[in-house]
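Hello,

Here is the structure I promised to pass on to you. Have a look at it first, and then read my notes below.

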Amino acid sequence: MAPPNRRGPPNRGPKPQKFSLKLLEKYFSKQYILSLVFDPRQFYVTAPIFLLLELVINYLIINRVPYTEIDWKAYMQEVEGVVNGTFDYSQLKGDTGPLVYPAGFVYIFMGLYYITDFGTNIRLAQYIFAGLYMVNLLLVFRLYGKSRKIPPFIMVFVCLTSYRVHSIFSLRLFNDPVAMVLLYASLNLFLDDMWTFGSVFFSLAVSVKMNILMFAPALLIAYIAILGFKKTILQLFVCGLIQVLLAAPFLLTNPVGYIMGAFNLGRIFLYKWTVNWRFITEELFVSRNFHLSLLACHIVLLLYFAPTWLTYLKSYCRLSVLESQVKVQLKKKEKAMLNTSSSSQLFLAPFFAANFIGMVCARSLHYQFYIWYYHTLPYLLWCTPYSMWTRLAIMGVIEMCWNVYPSTDWSSGALHICHLILLLGLVQTQSNVCKSIHDAEPVVSSTAATAAASEPSVEKKKKKHKNY
């Protein structure tokens, strides 16, 4: 007679109660909650919460805070001239003066002119700009998430504390947010290795407002370091072609009028609106020597940082190739775990720093210009060697300075002090990073060689590295 079967039923996996306890222990533990606050790898987990909060905040701002007319009516008057058949840029004007933005601005705001019943439906325009705000935030969050540089708690300050930024989008309807949305879209495309599409969006951003050119020095270095000289020429041709196509009706009518109006580098801003130079006299503010001094300072700083940015972007290129080689040999789950943050950080730092240098040396900053660098400030501060509390203090003082209206001697002075402290932090960091990169180059080279030897098709894939 066979012995009785003493074995129990087959193992069907963990019991539901044990599984639930494991989930509770994992996601409600102190360690996990702290990671949601401080760990940059958890950025994508917490970002949706802030996006939902932003939807509510923008809705409340639009419906509870009175709209303030500043430039919207003038924008509509300027594009109305084009609607009526005027293509001479020197003849296009609004209540605030002549049209001073490139052709892309005209087409985008002409579309808004028709959508908003010839510019009269302000509430609809506000909702459109609130949508732009959400798109801008999504694009910025994607850059933050890719870089794994910013701790999630910073989103509290980026999203919920800046009245000025919400006002620029939803209450003032400036063209600056449109340009920045296109700029952040181009940076996302560059990181995705879609260079021609990125160049198109970058050029579109320039065609809305000229301040985007402050990012151009870093882009030129990126083209040369990553694509080489021949493909750099091609990308520059793409950027130029977009400008020519958009401006064609105006260039055919009055080319000098268009270039002088849309790209007037000698334009002098009004002293009463300056945020950053209130502590100097108006006579000095409007003087040509003062403007030339700021331009010289801008050029010197760009030349000082350019070699470092070239090192960053060359290293980004090598790391990107290495990552693509390694991914070929990894399984799906392993690919998801591969940390590509280092290369993303090396790419973004030059762009954000180049724009910041432009802001430091700007001849005048108006209140709507805050959006030009607001979302890059946390990233730049976390690139410095300062403590967390010092970084937060700098962010707080900068926010306070931009919310003092009208600006005062102390608010503009404090803004310059914060800018200089941040600039010095970037200078201190760049030497350390470059040294680390040079020390790591032999390791990267040997790793790349090993990966190439173990994968026969890697060299072919490297040659076919997607640049378009």
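This is a predicted model: local features need pLDDT of at least 70, side-chain atom pairs count only at pLDDT 80 or more; totals for chains, interfaces and linings use all residues.

Cys-239 counts as buried because its relative accessibility is 13%, where buried means under 20% relative accessible area, exposed means over 50%, and partly exposed is in between (1.4 Å probe, protein chains only). Cys-361 is in no disulfide, and the nearest cysteine sulfur, that of Cys-297, is 3.9 Å away; a disulfide is a pair of cysteine sulfur atoms within 2.5 Å. Cys-361 is buried too, with a relative accessible area of 7%.

Residues are numbered from 1 along each chain as its sequence is written, and side-chain values use heavy atoms, with hydrogens and water left out.

How confident is the predictor? The mean pLDDT (the predictor's confidence in each residue, from 0 to 100) is 86 for the protein, and 82% of its residues reach 70 or more. Over residues 443-468, pLDDT stays under 50, and the model has 34 contacts beyond four places in sequence for them; contact means heavy atoms within 4.5 Å.

Now to the inside. A nonpolar core is a set of buried Ala, Val, Leu, Ile, Met, Phe, Trp, Tyr and Cys residues joined through side-chain atoms within 4.5 Å. The largest one has 128 residues, and Phe-109, Phe-141, Ile-226, Phe-347, Phe-352 and Trp-402 touch the most other members. Helix α17 (residues 341-360) gives the most to this core, with 12 residues; helices (H or I, at least four residues) and strands (E, at least two) are DSSP runs, numbered from the N terminus. Not counting residues up to four places away in sequence, Ile-226 touches Trp-195, Leu-313, Tyr-316, Cys-317 and Phe-347.

With 16 residues at 1.5 Å each, α9 should span 22 Å, and its end C-alpha atoms are 23 Å apart, which agrees; the expected span is 1.5 Å times one less than the number of residues. Since 16 of the 16 residues of α9 are buried, this helix is largely enclosed by the rest of the structure. After α9 comes Asp-193, with a positive phi near 70°.

Best wishes
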